[in-house]
Amino acid sequence: MKLSSKRFVATKHFTQQENVAQKALRATRRLLLPALLPILLPAAFAGASQSAIAASLAYVSNEKDDTLSIIDLDSLEVVNTIEVGQRPRGITFNEDYTKLYICASDDDTVQVMDVASGQIIANLPSGEDPEQFALHPDGHRLYISNEDSSLVTVVDPQKSIVTAQIDVGVEPEGMGVSPDGKIVVNTSETTSMLHWINTETNELFHNTKVDQRPRHVEFSKDGKQLWASAEIGGTVSVIDVDSKEELHKLRFEIRGVHRDKVQPVGVKLSSDGRYAFVALGPANHVAVVDAKTYEVLDYLLVGRRVWHMAFSPDEKYLLTTNGISGDVSVVDVDKLKVIKSIKVGRYPWGLAIKP
Amino acid sequence: MTLSTLQAPVERLRTARSGWRRLLGTAGIACCLLPSLFSVASSQAQDNGKQAIVIGYLELQQEQPPLLSNVLPPPEDNGLQGARLGMADNNAGGKFLGLDYQLKEARSYELPDLQAALTQWQADGIQSVLVNAPAATLQALSSQAPDILFFNVGSNSDQLRTESCLTNVLHTLPSRAMLTDALAQWLMKKRLKKWLLISGSREGDQRYADAVRRSAKRFGAKLEAEKEWTFDSDLRRSAQTEVPLFTQTKEYDAVVVADEPGDFGEFILYNTWYPRPVVGTQGLTPTGWHRVIEQWGAAQLQSRFDRQADRWMTDKDYAAWAAMRSIGESVSHNIDYQAAALKSHLLGPKFELAGFKGRKLTYRNWNGQLRQPIALIHPRALVSQSPQEGYLHPTTELDTLGFDQRESQCNLSQ
């Protein structure tokens, strides 16, 4: 099975260098490939589907390859690569993991992938240039950042209709839903604000100015705190959700790395409330933070330009996407050690985990 | 920081409308408790309840000299479109703070027209003005209105950053020295240490050549030969025969061209006696901005600009955009929109601007120059960005580009 999957990756790699004349062929193949593959590579597919039952899978969007890499979380190997729309960035599963939503930014759509077959079954009206999104717990509201048009678009993915559009600042990006589903927070990178959206009315009820270029927000599991990274500011603000006041501002210092290159993007909080992990972009490290005292405990060296992260379902592993080195680092959460890096496509961006 | 603290200087000026109240929520209430703490020297309350932040844009338009390489003329609204985009970006955030940024524009081929516009704006109480003009014009305008904070978005003069220190002017356009230092670092990194310098005879070409000589000395390159281009043949027809002879000197690793308006430089490429890279104002070019920059989120800025202006964003557009955004970021961080307060904040330690160049941008407090990485581009790709790795500086590596504090007589922060 390992061999076959390598063959698949090799074929895919070849197509990146093809000439124009081959593009027509490729288009045909793109249509036929998913259908033909089970016939061509029966062993590979049988293996993949078996392991899909057995193991959790990590889906990784490759921004400059227009593909998803699928990593088996038992073997920590890439088991499949799927072609999707142009410039895939944010990805997330629906609640029963039967569908994967994919921001295909350059296609101006959110694609819906049927997870069982790996086929794109619908394109949602997402507004222009969807980059990142969050799915409301009710499964009916997808809050999408339209990076090029200063809007948050709310889409019902089941009815495929736009239910609201909300004016926010320039270059909306990060999106987080509170655990109770009452609040969605969006970050606007150039305006450097957190925009608080009331999910009942889909209107803004507060705006919080943070440091330069906020990229990502993460609610704590109890919904009382919001962690917001500021990429150019080099900080993470921990905000009290009730009062909107800043409880703490995290700063990072890595020996041998200029402070301007420490650029926090992704934030993940362990559900036991113990750790916060902060991806530091071109500093190529993930900071481990004590989520109670806000003390930075350690910096873990990962691949180049680390942006987004996700936990395995048991939170034994933390995976990171490293855009420039084109790989995913695997952190052992108990030992706080990087145990593996897995080569994926070009510019891995988003991550979603299927138990 | 939450909005409640930010909101104070804004709310004092207006009767809160219900729409705003809804947007701002509880923040507005806290703000109204502090109405009398601020003086209202510079800002104007408007009928719509927003505070107007009025910024001026002055441009001395210039006739293009006759050029040999005139295939792609510079855009007519070079710089102006950047200011307009900066205003739009400011307003996109300003609407959540009750701020309404407005741009007053005056462009002319005659300095007196600009002076008249400035006189009118002074009477209206304007606090900051962008100037897209050569150094002499900038000097005239800045001395006419010492109480206004100017942003130089049009002159790369090194003199403005070292000797003729205009205390009410900040520079968002990189100086010539920053450009040639960026280039020199790259050349040294590539071990291209021996240069042939070819300069045009216009004033700007000579100043660019001065900057190249300074950079060579600073980073340890050697000028094997220097030549001035004085020929009058039409190189579009004869480059292949003329240029090889002209560049037949002691052997060099690279040819550095100083031809700011783009007269003959384009024809040096691929025609040199030794097959060597051509760099400088043509070939591999150091610049504050170019369409090929797409990293660090720049793709979004580029596409916003494309949509607005229907053309590529230039270094002058970027300088004007950065000036507008500097003002916008200060005002949204609770700095009173008043020239002196703005200047001291921009030169102080708390200011930082995200400018799509991979790291935060700040101002040098001695000469008011915006610190920034410099892109090295060819017309279809970004080749590199300086400062190059390994060029270190005790404060920030960005200060390895251009005039460091000790090399400048200016001290704007006093």
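Helices here are DSSP runs of H or I with at least four residues, strands are E runs of at least two, and both are numbered from the N terminus. This is a predicted model, where local features need pLDDT of at least 70, side-chain atom pairs count only at pLDDT 80 or more, and totals for chains, interfaces and linings use all residues. Residues are numbered from 1 along each chain as its sequence is written, while chains are lettered from A and ligands numbered from 1 in the order in which they are written.

**Helix 10 of chain B**
- Helix 10 covers residues 203–219 of chain B, and its 17 residues should span 24 Å at 1.5 Å a residue; the end C-alpha atoms sit 25 Å apart, which agrees. The expected span is 1.5 Å times one less than the number of residues.
- Its buried residues are Asp205(B), Arg207(B), Tyr208(B), Ala209(B), Ala211(B), Val212(B), Ser215(B), Ala216(B) and Phe219(B). Buried means 20 or more other C-beta atoms within 10 Å of a residue's own, exposed means 12 or fewer, and partly exposed is in between, with C-beta atoms placed from the backbone.
- Those residues pack against helix 9 (176–189), plus strand 7 (194–199), strand 8 (222–228), strand 9 (254–258) and strand 10 (278–280) of chain B. A contact needs C-beta atoms, placed from the backbone, within 7 Å of each other.

**Helix 12 of chain B**
- Helix 12 of chain B (residues 298–309) has 12 residues and reaches 16 Å from first C-alpha to last, close to the 16 Å expected at 1.5 Å a residue.
- Ala298(B), Gln300(B), Leu301(B), Arg304(B) and Phe305(B) are buried in helix 12 of chain B. They cover an arc of only 160° around the axis, so they lie on the same side of the helix; the arc is taken from the directions from the helix axis to the C-beta atoms.
- The cover over these buried residues includes helix 5 (80–94) and helix 13 of chain B.

**The largest nonpolar core**
- This core has 190 residues, and Val278(A), Val286(A), Leu130(B) and Val131(B) touch the most other members. A nonpolar core is a set of buried Ala, Val, Leu, Ile, Met, Phe, Trp, Tyr and Cys residues joined through C-beta atoms within 7 Å.
- Helix 13 of chain B (residues 315–332) gives the most to the core, with nine residues.
- Leaving out residues up to four places away in sequence, Val278(A) touches Ser229(A), Val236(A), Pro264(A), Val267(A), Val286(A), Ala287(A) and Val289(A).

- Strand 22 of chain A (residues 285–290) is mostly covered, with five of its six residues buried.
- Strand 21 (residues 275–279) and strand 22 of chain A pair in the antiparallel sense over five bridges; pairing takes at least two DSSP bridges between two strands.
- Ala279(A) has Val286(A) in strand 22 as its bridge partner, and in the hairpin of strands 21 and 22 of chain A, with five residues between the strands, Gly281(A) takes a positive phi near 55°.
- Strand 22 also pairs with strand 23 (residues 296–301) of chain A, antiparallel over five bridges, and Val289(A) stands opposite Val296(A) in strand 23.
- Strands 22 and 23 of chain A form a hairpin with five residues between them, and Tyr294(A) in the turn has a positive phi of about 65°.

Methods. Contact = placed C-beta atoms within 7 Å.
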